[in-house]
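Let's take a walk through a protein model together.

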Amino acid sequence: MKKSVFLLLSICFAASAVLAAGPVKIGLMGPITGSWASEGQEMKQVLDVLVEELNAGGGVNGLKVQVMTEDDGGDPRTAALAAQRLATMDVTAVIGTYGSAITEATQNIYNETKIIQIVNGSTAIRLTEKGLKYFFRTCPRDDEQAKVAAGAIGKLGVKKLAILHDNSTYAKGLADETRGVLANEKGVEIVFFDSLTPKEQDYTTILTKMKAANPDFVFFTGYYGEAGLLLKQKREMGWDVSFMGGDATNNPDLVKAAGTDAATGFYFTSAPLPKDLPSKEAVEFVASFAKKYGNPPGSIYSVLAGDGFRVLTYAIAQTKTTDPDKLASYLYTELKDFPALSGKISFNEKGDRIGEVYKVYKINSEGEFILQP
Amino acid sequence: MKNRKLVVIAGSAAVLAAAPLFLDAYWTDVLNNIGIYAVLALSLNLIVGHAGLFNLGHAAFYAVGAYTAAILNTTYHIPVLALLPVCGFTSGLFALLAARPIIHLRGDYLCIVTIGIGEIVRIALINNIFGITGGDNGIFGISRPSVFGYVIRSPQQFFYLIWIFAGITVILFHLLEYSRVGRALNYLREDEVAAEGSGIDTAHYKLVALVLGAAWAGMAGNIYAAKMSIISPGSFSFWESVLMFAIVILGGAGSIPGVLLGAFLIIGMPEVFRQFASARMLIFGAAMVAMMIFRTQGLLPARPRKYRLAGLPSGGVET
Amino acid sequence: MHARELVSAAPGANAFVRIKDMELFAQQFTNGLAVGGVYALIALGYTMVYGVLKLINFAHSDLFTLGAYLGLTLITSWLFSGLGPLWGTALLALMVMGMIALMGALLDRVAYRPLRESPRLSAVVSALGASIFLQNAIMLIYGARNQVYPQNILPRMALSAFGFHIPLSRLLVLCASLAMMGALYFFIQKTRIGTAIRAAAIDQGAARLMGIDVNRVILMVFMIGPAMGGAAGLLVGLYYGQINFTMGWAYGSKAFTAAILGGIGNIPGAMVGGLLLGIIESLAAAYVSLAYKDAIAFLVLILILVLRPTGLLGERVAEKV
């Protein structure tokens, strides 16, 4: 049985190799299944909308673009296999993925096979500190967001701060970085620093414990699901302290989960929402997405995946090639202030996104996200 | 009969050995994954199949081995392969300490306790216990294994490392099956009361099975860490334990060829089903149920033992 | 006047601190109690199935999740647009429990009944496979994103006394759980079918000899247990508001731990175990470590099993000879 399977596989592989050389292939690696399925599936949806529009307009360099999606299951081992698979499919570049530990498992594979990797949802600092030539990210790093968050906290005149994270790479990273920045700032005392368990529902115990520490502001660095529950339960407790979240809380479902009353007054840091961008592309994109799927994109990370795709296809069009070295060099040196959905994109020498991406938002009594000055 | 068996084994070994030559990196890596899970399942087979202990927390032993390798390698720069026995030792020791108080528990209780142990280990890893496990980020920069200066880096190279290790495991476990320990375990699984009555210290042998199985899982963890060069707690969840358990049962508990076949199917199947994207796991779940219903004893169940009795014409009595 | 205000006016900071500590303790205790009520409801399903069949029904937690999702589908459908909150919720509960009961029976028929005579390990794997299947089916049908219940069903008021603060809705959830548990207890103790279930749990063979239709008992068990779990799902959806296809895992493992804590197969045991586990979890989180609270819950379980293996109230399981 094993023998015939191998034979069949080899024939298929050979055949597919012969049939190649045609469209420009771009890989998408994301969590289509597993606990982050909502992110991965939305990433795919975003790319589907973009590639449809691109191909309708003639593709890139006269060739159609094809997106090859591979599931990384939200797990490093599956991701490594997904990466290997994409590496054999002749892709020029890969967009993804979500989750720093998962991305990290695939970095070496893409680097060794000279495939450009543009990450949309992995903010751990060390990913771009390894000197990998083909690695870029459209999402900023934890330290940048921490600076903005700390700045906002200082500006609000906070004296006693509670920081809550969910032990994930992203949330803990942001929490640690923020604590580090604030350590240098006199006047802000951190009275509580702990984590909750994600994907649960009852956070009253944690809220009670936090309340006992008497903070006058709370910074929660986890995801919108838990944030919504925290806000709702805090209100039920009768506690009226202000909360702020990181960009993972930026999701319209936050207001749905918390209820408009509880969500009023919630701050968060995030890349500018598409609705706040004056650019025609952003408005049009959100409209096309909503038309195809019935609702606008919910997660900022899927929008960042879309930006990775657009940056890449733009680079291919400009350099008129799919050669990874030329593309990498273009992205490093010549791509300046590219008008992406999430703002202007340029890359620094490490592959990180340059520029002040983060802004502070506040939710008003209508449940709308209002940009703060 | 025996000759035919040898031919089959030799034939499959030959095909396997030649596989990296005409498979691409991706499929070779799939075989690598299968290889690691085969070793893990064989180690679990010792516990579940031979000793009859429900262990749904095997990923904890796997994790202890992987993290031992990762921490010692990144902190003290000891070559990864040299750490193999150390990883086996720490996993085995961990199993001994964790299992000793609970070994006498009845089957299903032991099951839930093993789930608990698995979860405790995972939570400890995520919370960066003692400050050495790196939290959810895990540990990175684990060096590649090297054998006498030859560095193993590509999937093809790892293939031979993993499958040679798997081969050694199969041979050793096969020898164990027919050793005194193996016979004791078999007896214990068949009928614990009778075994005790025959003078077998069941608690002792159960512990032996657990420690050995854990030690082997620890070594598999070492190889995994070396292969991925980064490890994080996400790879050692309850789901992983379920996967290993499923391989053992689906393949046929107590049967080495069964377990190997199980590994091929369970790890290979989701890869073959990749084009179904989000329905992949749905099909996998349904397949698990179906396989159990239509072939309860597993695909290649363990054959009852045969012993040759001298002087009898028919050549064997089944026990 | 509020108790705290009275106290703060009193002399002696020590007294104030002590009472404040007690308030905190009481608050955390009640926090855990409500969560424990949900655990208890789910634990009932595990313990009933295990008692009669000695099977860990891993798919039970996914039936719980399904209950929450079905509740959402129903509540947002046209059926409920006209009904008031009281009758609407009652009807909703009945419908959800009924549907999940049917699902439970179906689950048994498809995944477990064919394996009745097989080694237990196979049934465990089948249970795991069924769980994976159900969870992914829910994901495919409802989507991977969190779903949210309409917010206006449960009352918004809260009770405040002696430093306690309990939202009325949370109290309602606790009362509903206790009421359902009470009804089940009554059913098991006082009705014929209930007695038959208990008999089958103690000794299937003898029960058969007494003329009890064990197959019917098993069917009942697979309907009542999941119905309780489905009701728990509905409660969770109504109260917490946000549901997710993976929520079964967290609740399920705690609930099963609770069932063992109370004594597997023992129905009052599951109730006690559930409430107790909720409280232990909350207190451990509040006083020991938030991050390790789940690990502590498991540790408590292991301790209980080492010190008192049959659980707090003693186990009642079928002995398969």
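Start with chain C: 56% of its 321 residues count as buried. Buried means that 20 or more other C-beta atoms lie within 10 Å of the residue's own, while 12 or fewer makes it exposed and anything in between partly exposed, with C-beta atoms placed from the backbone. What you are looking at is a predicted model, where local features need pLDDT of at least 70, side-chain atom pairs count only at pLDDT 80 or more, and totals for chains, interfaces and linings use all residues. Residues are numbered from 1 along each chain as its sequence is written, and chains are lettered from A and ligands numbered from 1 in the order in which they are written.

Chain C has 12 helices and 4 strands. Of the contacts in chain C with a separation of 6 or more, 78% come from residues 24 or more positions apart. Two residues are in contact if their C-beta atoms, placed from the backbone, lie within 7 Å.

Now hop over to where chain B meets chain C. Chain B brings 32 residues to this contact and chain C brings 33. On the chain B side, helix 5 (107-126), helix 10 (238-251) and helix 12 (280-294) each supply at least two residues, and helix 5 of chain B gives the largest share, 11 residues. That side of chain B divides into 25 nonpolar, 5 polar and 2 charged residues. Here Ala, Val, Leu, Ile, Met, Phe, Trp, Tyr, Cys and Pro count as nonpolar, Asp, Glu, Lys and Arg as charged, and the others, Gly among them, as polar.

How does the meeting of chains A and B look? It takes 31 residues from chain A and 32 residues from chain B. The largest share of the chain A side, 7 residues, comes from helix 3 of chain A. The residues of that side split into 11 nonpolar, 11 polar and 9 charged.

Next, find A246(B). Leaving aside its neighbours within four places in sequence, A246(B) is in contact with I266(B), M288(B), V125(C) and L128(C). A246(B) is also one of the residues that touch the most other members of the largest nonpolar core, which has 334 residues. Such a core is a set of buried Ala, Val, Leu, Ile, Met, Phe, Trp, Tyr and Cys residues joined through C-beta atoms within 7 Å.

Stay in chain B for helix 3 (residues 58-76). Its 19 residues should span 27 Å at 1.5 Å a residue, and its end C-alpha atoms are 27 Å apart, so the two agree. The expected span is 1.5 Å times one less than the number of residues. In this helix, 14 of the 19 residues are buried. Just after helix 3 of chain B, H77(B) takes a positive phi of about 55 degrees.

Finish in chain A, at strand 8 (residues 217-220). F217(A) and F219(A) point one way and V218(A) and F220(A) the other, and all are buried. In a regular strand the side chains alternate between the two faces of the sheet. Strand 8 of chain A runs parallel to strand 6 (residues 160-165) of chain A, joined by 4 bridges; two strands pair if DSSP finds at least two bridges between them. Strand 8 of chain A also pairs in the parallel sense with strand 9 (residues 242-245) of chain A over 4 bridges, and there F217(A) stands opposite S242(A).
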